[in-house]
Amino acid sequence: MKAVIVSKAGDSSVLKVTQIAKPQVKSGWSLVKIMGFGINRSEIFTRQGLSPSVTFPRILGIECVGVIEETTDEQRLPVGQKIISIMGEMGRDFDGSYAEYVLLPNDQIYPISTQLDWATLATIPETYYTAFGAYQNLKITSRDTVLVRAGASGVGTAFVKYDDLVIDDNGVLKTDVTFTKILELVGPATIKDSLGHLQENGIICSCGQLGRKWYLEEFDPIMELKNNVYLTTFYSGNVSQDKIQKMLAYIEQEQVDVRPERVFDLDSIQAAHDYLDSVAAFGKVIVLNKEENFSDK
């Protein structure tokens, strides 16, 4: 099969497209034929050597959509079953989705029922799941005024698709502007500033760290939340088949305009990383494996 091997930390040039043997199925794991996957900023951080738990060589990729190729759970995961896989330790503790096939633990594989095409499905997993969870946790109503910080990011643009009342912001806010709900994707770098723009009884949901600051330091919850405001999050690792299917049903029923911003193939993985890591990046970037291009054909 074709896979992208990272042998050492570095820039996008360390992403090497290579021919390797398909993984062998083992007890409790099944083989997935990958039809597509999203590129995530966390994978750029890992490629750069900023994920201390990750050792190289490694195939990156924390999400994918595809079909079961070989199974060890014929009842739940029959051959040919459409699936989504997100989170867990794919692409970190074990090889991930930057490939034509991936071997995954059965409990990290979620069978789905959907009529959505592969490009749409590949756009959804990590990004739209996080946006959907944040949308629910913010408890948005038609009366809200909503701010998205880092609104041009994948999760930010996905969130906008769920709700059209969003004000998009990437910079410094005017001191007199306030909101009832804030989706915080920059993270600890701007949380305190965002709290200062939250109206009484408002909610801020922090589920991104695009500011590359991982911890909220010198935070006095009594004083920072003194205006009777609420700080919450959404962790995409809180995942189940029912939650994924609920999201897909919502997207189909509400005709949410899910589409990738840019589509690459596996051979163009370096260009995909370079685009996402550039100032021009906007929305979700995906890689599609076309059926006719699989190397075992």
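Tutor: Val256 is buried, with a relative accessible area of 11%. Keep in mind that this is a predicted model.

Student: Why is Val256 called buried?
Tutor: Buried means under 20% relative accessible area. Val256 has 11%, so Val256 is buried.

Student: Where is Val256 found?
Tutor: Val256 is in the loop between H7 and strand E13 (262–264).

Student: What is Val256 in contact with, leaving aside its neighbours within four places in sequence?
Tutor: Tyr128, Lys161, Tyr162, Tyr250 and Ile251. There is also a C-alpha separation to quote: 9.3 Å between Val256 and Ala158, which are 98 residues apart along the chain.

Student: Which residues of H3 and H4 meet?
Tutor: From H3: Thr127, Tyr128, Thr130, Ala131, Phe132, Ala134 and Tyr135. From H4: Gly154, Val155, Ala158, Phe159, Lys161 and Tyr162. By class, the contact of H3 with H4 holds nine nonpolar, three polar and one charged residue.

Student: Which residues of H3 and H7 make the contact?
Tutor: H3 supplies Tyr128, Tyr129, Phe132, Tyr135 and Gln136. H7 supplies Lys243, Ile244, Lys246, Met247 and Tyr250. The contact of H3 with H7 has seven nonpolar, one polar and two charged residues.

Student: Phe132 is in helix H3. How do you know whether Phe132 counts as buried or exposed?
Tutor: Compare its accessibility with the cut-off of 20%. Phe132 has 6% relative accessibility, so Phe132 counts as buried.

Student: What does Phe132 contact, leaving aside its neighbours within four places in sequence?
Tutor: Tyr162, Met247 and Tyr250.

Student: Now the largest nonpolar core. Which of its 41 residues touch the most other members?
Tutor: Ile124, Phe159, Tyr162, Leu183, Ile244, Met247 and Leu248. Elements giving two or more residues to this core include H3, H4, helix H7 (241–253) and strand E5 (82–86). H3 gives the most, with six residues. Another core, of 40 residues, lies apart from it; among them are Val6, Ile39, Leu266 and Phe294.

Student: Where is Ser236, and what makes it buried?
Tutor: Ser236 is in the loop between strand E12 (230–232) and H7. Its relative accessibility is 7%, so Ser236 counts as buried. Leaving aside neighbours within four places in sequence, Ser236 is in contact with Ile86, Met87, Glu126, Tyr129 and Thr130. Ser236 and Pro125 are 9.6 Å apart, C-alpha to C-alpha, and 111 residues apart in sequence.

Student: Which phi does Ala150 have?
Tutor: A positive one, about 70°, although Ala150 is not a glycine. Ala150 lies in the loop between E8 and H4. Ala150 has 6% relative accessibility, so Ala150 counts as buried.

Student: Is Glu218 buried or exposed, and how do you know?
Tutor: Exposed means over 50%. Glu218 has a relative accessible area of 74%, so Glu218 is exposed. Glu218 has a positive phi of about 50°, and Glu218 is not a glycine. Glu218 sits in the loop between E11 and helix H6 (221–224).

Student: What kind of peptide bond joins Phe56 and Pro57?
Tutor: A cis bond, with omega about 5°. Pro57 is in the loop between helix H1 (41–47) and strand E4 (63–70).

Methods
Residues are numbered from 1 along each chain as its sequence is written. This is a predicted model: local features need pLDDT of at least 70, side-chain atom pairs count only at pLDDT 80 or more; totals for chains, interfaces and linings use all residues. Side-chain values use heavy atoms; hydrogens and water are left out. Contact means heavy atoms within 4.5 Å. Helices (H or I, at least four residues) and strands (E, at least two) are DSSP runs, numbered from the N terminus. Ala, Val, Leu, Ile, Met, Phe, Trp, Tyr, Cys and Pro count as nonpolar, Asp, Glu, Lys and Arg as charged, and the others, Gly among them, as polar. A nonpolar core is a set of buried Ala, Val, Leu, Ile, Met, Phe, Trp, Tyr and Cys residues joined through side-chain atoms within 4.5 Å. Buried means under 20% relative accessible area, exposed over 50%, partly exposed in between (1.4 Å probe, protein chains only).
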